[in-house]
Amino acid sequence: MKKNKIFVMGSYVTDLTARASHLPKPGETVFGQSFRTGAGGKGSNQAVGAARLGAEVTLVTKLGDDAFGKLALEHFTKEQIDTSQIAIDKEMPTGSALIAVDDQSENMIVVTAGACGKIKREEIEQAEEKLADVAIALTQLETNLDAVERTLELAEKHHIPVILNPAPYQAIPNEWLKKAAYITPNETEAAQLTGIRLETEEDARLAAEKLYQMGVANVVITLGKKGCFLYNEEYKGKVFPGLIMDAVDTTGAGDAFNGGLAYALANEVELIEALQFANIVGALAVTKEGTAQAMPTLAEVETCLKQSLLEVKS
């Protein structure tokens, strides 16, 4: 395993984002205030999040042979992400995400996976040498599930710890959970995985305990601006408070958290400190518009960390 090296298998979609005063109800047409396109998808966002912090990131995804796909490759090159394992689909278009954001920075998202929903198992296998040479792997559920399964299998073969971000929720076999060293659902995904509705800290503890009993060594439930909740052998339920920031756009906060957690763990930071670091990364991401473009740099995180420590001391 190599320090600071991260393998990400996941989605890329082009974000098509409109801002409006409020989110539309079914059948309602709302006039927007602005519109923009940008790089998105959970795999891509998390890869960019880790790369901006300074990690050496290899991304496995699939793009269409179209204008959005070409823009994606330019984007990854600019972010210094290894694109050698990105496949091009001659038939399927590049994925897209339709995003609506309101004045309270709440959002609604519809994702069409496109090419990244057709990643072949053999395309994961072609990246096996890269996977075997990293400190940690990171994957989500925004691609076809057989690609996720093969990533978990190969990581287990090479004893590479995996962060499984079960987003967006899809039903997966319990055996997959046992192959993940860390699982990072948000409150909604934790409820979908366990059947336990999360309304209180005790609900979070019960859901996390259930996931732990299902075989995950480290359960991390993200709680938005409240921070995150850890359950493992040492901590039978512990909240790590987040930073309260003036939110502009919450769309990429979870992806920023996962990218930050992967970076910290890849650099041999202890889990407790890694979670606190990831909380800061996620908090900073909501202070800017967009997803990938909102991911903070290491310098920004370190500045925020120093300020938060000074506030605690004072």
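**First stop: a tucked-in tyrosine**

Select Y12: at 3% relative accessibility, this residue counts as buried (buried means under 20% relative accessible area, exposed over 50%, partly exposed in between, with a 1.4 Å probe and protein chains only). Before you go on, know that this is a predicted model, where local features need pLDDT of at least 70, side-chain atom pairs count only at pLDDT 80 or more, and totals for chains, interfaces and linings use all residues. Residues are numbered from 1 along each chain as its sequence is written, and side-chain values use heavy atoms, leaving out hydrogens and water.

**Next: ring partners**

How many aromatic pairs does the structure hold? There are three. Rings of Phe, Tyr and Trp (its six-membered ring) pair if their centres lie within 6.5 Å; planes under 30 degrees apart count as stacked, over 60 as edge-to-face and the rest as tilted.

Y12 is in the loop between β1 (5-9) and β2 (13-20), while F76 belongs to helix α2, 64 residues apart, so to speak, a link between distant parts of the chain. F76 has 0% relative accessibility and counts as buried.

Now jump to Y212 and Y231. Their ring centres are 5.3 Å apart with planes at 55 degrees, so call this pair tilted. Y212 lies in helix α8 (residues 201-213) and Y231 in strand β13 (residues 228-231), so the pair ties together parts 19 residues apart in sequence. Y212 is partly exposed, at 26% relative accessible area, whereas Y231 counts as buried at 5% relative accessibility.

**Then: helix α2**

Select residues 67-78, which make up helix α2. Helices (H or I, at least four residues) and strands (E, at least two) are DSSP runs, numbered from the N terminus. At 1.5 Å a residue, these 12 residues should span 16 Å, and the end C-alpha atoms are 17 Å apart, which agrees. The expected span is 1.5 Å times one less than the number of residues.

Which residues of α2 are buried? Colour G69, A72, H75 and F76. Look down the axis of α2: these buried residues fall within an arc of 115 degrees, so they line one face of the helix (the arc is that of the directions from the helix axis to the C-beta atoms). They pack against β3 (32-40), α1 (42-52), β4 (56-60) and β5 (62-64), where contact means heavy atoms within 4.5 Å. On the face turned away from the buried side, find the exposed A67, E74, T77 and K78. Just after α2, click Q80, which takes a positive phi of about 60 degrees.

**Last stop: a charge over a ring**

Finish with K238 and F240: K238 lies over the face of F240, at 5.3 Å from the ring centre. A charge sits over a ring if NZ of Lys or CZ of Arg is within 6 Å of the ring centre and within 35 degrees of the ring normal.
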